[in-house]
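Trainee: I would like to learn how to read this structure. Can we take a few residues in turn, and then the charged pairs?

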Amino acid sequence: MRSEAPALMPIFRSALQARLLLHVLTTPGTSTAADLAHTLGAPETTVSREVRRLLDAGLLRGERVGRAVVLHPATDNPATEPLRQLLVVTYGPAQAVERALTGIAGIDEAYVHGSWAARFHGEPGPPPGDVDVLVVGAPDRAQVDDALDGLDATLGREVNVTYASPSRWADATDPFVQHVRSRPLVGLDVHRRGQVAS
């Protein structure tokens with residue numbers, strides 16, 4: 001089945017390819033196709049096909065360790081660093097915000113919403129001008145601000161945070177909550193490092 005080009009950056013073959021490359025090019029350590037399938041929530045056979053294409057294109061390197069192929073960025077490829085930067089500003093916001101907020105006490109849930117979330121889910125439109133983050137809970141707001149400090153420059157977009165108490169987030173009659181819940185959301189796993197849920 002042919003995948004549609006992702007709305008966030010249609011030069012990529014698919015959203016899965018972009019997310020896979022983002023993970024390998026920006027996450028410390030190494031991964032196998034099985035690791036990536038688990039992290040990205042995608043079928044291992046599909047991930048393996050994408051990995052093979054990227055290995056053949058020279059964008060990734062593979063090192064066989066036992067029965068597994070351990071993947072690395074192809075640092076000797078001059079396209080790797082520009083590609084990494086492109087991925088950070090297009091597919092990177094959820095990953096970057098999730099990493100920044102992980103472990104902050106008082107955060108029950110966190111989401112990216114607004115135009116970036118809409119493009120992530122394939123809704124066509126102009127490039128997102130900012131990154132809207134919703135934090136549910138009662139964290140120390142200064143700690144959240146400190147954690148997100150510098151992301152605007154990294155992502156090339158303003159990062160705007162809105163807070164909601166758990167009771168407000170559960171109130172289906174609240175106009176803000178109604179609006180946010182009616183639009184695409186990207187859930188952030190801020191309690192443990194893992195997949196950026198959708």
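Mentor: The model is a predicted one. Start with burial: a residue counts as buried when its relative accessible area is under 20%. Serine 31 has a relative accessible area of 11%, so serine 31 is buried.

Trainee: Where is serine 31 found?

Mentor: Serine 31 is in the loop between helix 1 (15-26) and helix 2 (33-40).

Trainee: Which residues is serine 31 in contact with, leaving aside its neighbours within four places in sequence?

Mentor: With those neighbours left aside, the contacts of serine 31 are His23, Leu36, Val69, Val70 and Leu71. Take histidine 23 next, which lies in helix 1. Histidine 23 is buried because its relative accessibility is 15%. Not counting residues up to four places away in sequence, histidine 23 touches Ser31, Leu36, Thr39 and Gln95.

Trainee: Which residues are buried in helix 4?

Mentor: Helix 4 covers residues 80-90, and Thr80, Leu83, Leu87, Val88 and Thr90 are buried there. These buried residues pack against helix 1, strand 2 (68-73), helix 5 (92-101), helix 6 (114-120) and helix 8.

Trainee: Now the charged pairs. How many salt bridges are there?

Mentor: Side chains of opposite charge can pair when their charged atoms come close. The count here is seven salt bridges. One of them joins arginine 84 and glutamate 81, at 2.8 Å from N to O.

Trainee: Why are arginine 84 and glutamate 81 separated by about one helical turn?

Mentor: Because they are three residues apart in helix 4. Arginine 84 is partly exposed at 27%, and glutamate 81 is partly exposed at 38%.

Trainee: What does arginine 183 form a salt bridge with?

Mentor: Its partner is glutamate 123, and the closest N and O atoms are 2.6 Å apart. Arginine 183 sits in the loop between helix 10 (175-182) and strand 6 (186-188), and glutamate 123 in the loop between helix 6 and strand 4 (130-137), so the pair ties together parts that are 60 residues apart in sequence.

Trainee: Is aspartate 174 buried or exposed?

Mentor: Aspartate 174 is buried, with a relative accessible area of 13%. Its side chain meets that of arginine 168 in a salt bridge of 2.8 Å, N to O. Arginine 168 is partly exposed at 31%.

Trainee: Which residues form the negative surface patch?

Mentor: The patch is formed by Asp140, Asp145, Asp146, Asp149, Asp152 and Glu158. Aspartate 149 lies in the loop between helix 7 (141-148) and helix 8 (151-155), and aspartate 149 is exposed at 64%.

How values were computed
Residues are numbered from 1 along each chain as its sequence is written. This is a predicted model: local features need pLDDT of at least 70, side-chain atom pairs count only at pLDDT 80 or more; totals for chains, interfaces and linings use all residues. Side-chain values use heavy atoms; hydrogens and water are left out. Patches are made of residues with over 30% relative accessible area and no salt bridge: like charges are joined within 9 Å, nonpolar side chains (Val, Leu, Ile, Met, Phe, Trp, Tyr) within 5 Å. Accessible areas come from the Shrake-Rupley method with a 1.4 Å probe; for residues, only the protein chains shown count as cover. A salt bridge is a side-chain nitrogen of Lys or Arg within 4 Å of a carboxyl oxygen of Asp or Glu. Lys and Arg count as positive and Asp and Glu as negative; His and the chain ends are not counted. The place of a charge is taken as NZ of Lys, CZ of Arg, CG of Asp or CD of Glu. Helices (H or I, at least four residues) and strands (E, at least two) are DSSP runs, numbered from the N terminus. Buried means under 20% relative accessible area, exposed over 50%, partly exposed in between (1.4 Å probe, protein chains only). Contact means heavy atoms within 4.5 Å.
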